[in-house]
Amino acid sequence: MALDFNQVKKALMEGPCEIRFTSLNSGREIIGVYRDAGINQSDGTKILCMDTVSERYEDIDLETIISIKRLF
């Protein structure tokens, strides 16, 4: 699924999203609920978001996103 930065940023700014992506470190598929990190970001190949469970930042490479779904 080829999403661009603006599509993902807009979805995260509208509310929590379930994002399924492949980890570049482990190669495993990760599914989590993320929200906008609240940090001003420029257009790029990665997006910084906040994991709603662990409250930790996640830097996701846009090319690794398998799916994104708004939850609310």
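**Overall fold and the setting of Thr-64**

The protein chain comprises one helix and five strands, where helices (H or I, at least four residues) and strands (E, at least two) are DSSP runs numbered from the N terminus. The order of these elements, read from the N terminus, is α-β-β-β-β-β. The radius of gyration, taken over C-alpha atoms, is 11 Å, close to the 11 Å that the globule rule (2.2 Å times the number of residues to the power 0.38) gives for 72 residues, so the protein chain is as compact as a globular protein of that length. The model is predicted, so that local features need pLDDT of at least 70 and side-chain atom pairs count only at pLDDT 80 or more, while totals for chains, interfaces and linings use all residues. Residues are numbered from 1 along each chain as its sequence is written, and side-chain values use heavy atoms, with hydrogens and water left out.

Along the principal axes, the C-alpha atoms of the protein chain fill a box of roughly 30 × 25 × 20 Å. Of the 72 residues, 36% count as buried, a term that denotes under 20% relative accessible area, with exposed over 50% and partly exposed in between (1.4 Å probe, protein chains only). Among contacts (heavy atoms within 4.5 Å) between residues at least 6 apart in sequence, 47% join residues at least 24 apart.

Thr-64 is placed in the loop between strand S4 (57-61) and strand S5 (65-70), and this residue is buried, with a relative accessible area of 12%. When its neighbours within four places in sequence are left aside, Thr-64 is in contact with Arg-20, Phe-21, Thr-22 and Leu-24.
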